[in-house]
Amino acid sequence: MPRSKQPMVVEKASIEAFYQAEWNRELSEMSRVSFTDEGEVSIDCNLEPHQQTLIFTAGRVATFTRWPFDKIDNATCTSTAMALAGFKSTATAGCPESACCVFCGKEMLFEENDDPWKEHIEHTRFCPFVELDRKKESDWTVEDYLRLKAGLIATDILRQNREDLEKFRNGVDEIRQAIKEKIRD
Ligand SMILES: [Zn+2]
């Protein structure tokens, strides 16, 4: 009998159960890229629980604790609209209107009348969330979910690499400065 090519559709509750089961498989390390002895790239692809929740709108909404446009009447760029468009808040004291897509890492500054979904499409080259075209979470297939999770992991690895590189550069600068001072002495 030919096997069905229909994707398996699961309810959101099943997806949550699925990732919970995955989490329980003792893969508690953060996602990290490493190289095996054979030179192959190995990705330990697990996320911390708080990052897992970002896959879902509710988890992203929760990051917008002081979104400046929620208090403005008729603003289109509300925290809910932002979360529905894939964004989480990356606000700082000096930059409260900053947010980034958790799936492609695109970070932008927003204005009260922006349409977050339109901005997302216009400013990203590729995003697995944009590819889904606002498909309801309850209609996601396991494949949809895994693609989103892969985007989340890739974004996190890139962010971590940028931070590591920054630390490395600062370390190099400090050593350079110390050598200069030694030579002067
Ligand atoms: Zn994106």
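Which residues of H7 are buried? I started my notes there, keeping in mind that this is a predicted model.

**Helix H7.** I found the buried residues of H7 to be Asp144, Tyr145, Leu148, Lys149, Gly151, Leu152, Ile153, Thr155, Asp156, Ile157 and Gln160. Then I checked the length of the helix, which runs over residues 142–184.

Next I looked up the open sheet, whose 3 strands come in the order S3-S4-S5 with antiparallel pairing. S3 (87–89) and S5 (107–109) are the edge strands; each has a single partner strand, so one side of each lacks a neighbour in the sheet. On average, neighbouring strands are turned by 35 degrees against each other, direction ignored. I noted 3 bridges between S4 (residues 98–101) and S5, and Ser98 has Leu109 in S5 as its bridge partner. Helix H5 (residues 116–123) packs on this sheet and touches S3, S4 and S5, with its direction at about 130 degrees to that of S5.

**The zinc site.** My last stop was the zinc ion, coordinated at 2.1 to 2.3 Å by Cys101 (SG), Cys104 (SG), His120 (NE2) and Cys127 (SG). The angles among the 4 donor atoms are 101 to 115 degrees, and the site is tetrahedral. Along the chain the donors follow C-x2-C-x15-H-x6-C. Cys104, in the loop between S4 and S5, and His120, in helix H5, link distant parts of the chain, 16 residues apart. Is His120 buried or exposed? I have it as buried, at a relative accessible area of 0%, while Cys104 is partly exposed at 22%.

Key:
Residues numbered from 1 in each chain as written. Predicted model: local features only at pLDDT ≥ 70, side-chain atom pairs only at ≥ 80, totals over all residues. Heavy atoms only, no water. Helix = DSSP H or I, 4+ residues; strand = E, 2+ residues; numbered from the N terminus. Expected span 1.5 Å × (residues − 1). Buried < 20%, exposed > 50% of the residue type's maximum accessible area, 1.4 Å probe, protein only. Pairing = 2+ DSSP bridges. Axes fitted to C-alpha atoms, helices over the stretch in contact; angles between N-to-C directions. Contact = heavy atoms within 4.5 Å. Donors = N, O, S within 2.8 Å, 3.2 Å for Na, K, Ca; no water. Tetrahedral: all angles 85-135°; square planar, octahedral: opposite > 155°, others 65-115°.
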